[in-house]
Amino acid sequence: MRTYELLSIIKPNIDSEEFDKVVAKIEEAITALEGKVISTDKMGRKKLSYDIKDYRDGYFVVHNFEMAPEQVAKFNRQLRLNENVLRIMLLETSEVKA
């Protein structure tokens, strides 16, 4: 298992209940692929430096989680198919062992 950090930008035109459902769906996708959610940070609505799909702002969410490396491609594909997610950035944050 490796540790990853996911930054998601979610559409700003959804209400808070729908926003919570989108965040929960991301967490469910992690656990469905035998991963483990370490933490979730809802950073709130922020202005984007440039328009993404004609949106000027979005809700930023950071997930820290553990997942097997062979499951990451499936997870990435699921995120890209979610129409409420504007942009994602997925980084591996595992420490390098010497």
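A residue is classed as exposed when its relative accessible area is over 50% and as buried when that area is under 20%. The structure examined here is a predicted model. By this criterion glutamate 34, with a relative accessible area of 62%, is exposed because its value is over 50%. Glutamate 34 is located in the loop that links α1 (16-32) to β2 (36-52). Its phi angle is positive, at about 65°, although the residue is not a glycine. Most residues other than glycine have a negative phi.

A positive phi also occurs at lysine 53, again in a residue other than glycine, with a value near 55°. Lysine 53 belongs to the loop between β2 and β3 (55-67). With a relative accessible area of 57%, lysine 53 is likewise assigned to the exposed class, because the cut-off is over 50%.

The two strands on either side of lysine 53 form a hairpin with two residues between them, and lysine 53 lies in the turn. Strands β2 and β3 run antiparallel and are joined by 11 bridges. Within this pairing, arginine 45 has tyrosine 59 of β3 as its bridge partner. Lysine 47 is also part of strand β2. Its relative accessibility is 65%, so lysine 47 counts as exposed under the cut-off of over 50%. When neighbours within four places in sequence are left aside, lysine 47 is in contact with Arg56 and Asp57. Between lysine 47 and lysine 25 the C-alpha to C-alpha distance is 24 Å, for a separation of 22 residues in sequence.

Asparagine 82 is placed in a further loop, the one between α2 (72-81) and β4 (85-92). Apart from residues up to four places away in sequence, asparagine 82 touches Val22 and Lys25.

Asparagine 82, asparagine 84 and Lys25 are also among the residues that line the largest pocket. The space in this pocket amounts to about 160 Å³. Two or more lining residues come from each of α1 and α2. The greatest contribution is that of α2, which supplies four residues. Classified by residue type, the lining comprises five nonpolar, three polar and two charged residues.

Helix α2 also contains alanine 73. The relative accessible area of alanine 73 is 58%, and alanine 73 is therefore exposed, the cut-off being over 50%. Alanine 73 and glutamate 83 are 10 residues apart along the chain, and their C-alpha atoms are separated by 18 Å.

Conventions. Residues numbered from 1 in each chain as written. Predicted model: local features only at pLDDT ≥ 70, side-chain atom pairs only at ≥ 80, totals over all residues. Heavy atoms only, no water. Buried < 20%, exposed > 50% of the residue type's maximum accessible area, 1.4 Å probe, protein only. Contact = heavy atoms within 4.5 Å. 1 Å grid on protein atoms, 1.4 Å probe; cavity = no way out; pocket = protein on both sides within 12 Å on 5 of 7 lines; lining within 4 Å. Points joined across faces, edges and corners; volume = space filled by probe spheres on them. Nonpolar A, V, L, I, M, F, W, Y, C, P; charged D, E, K, R; others polar. Pairing = 2+ DSSP bridges.
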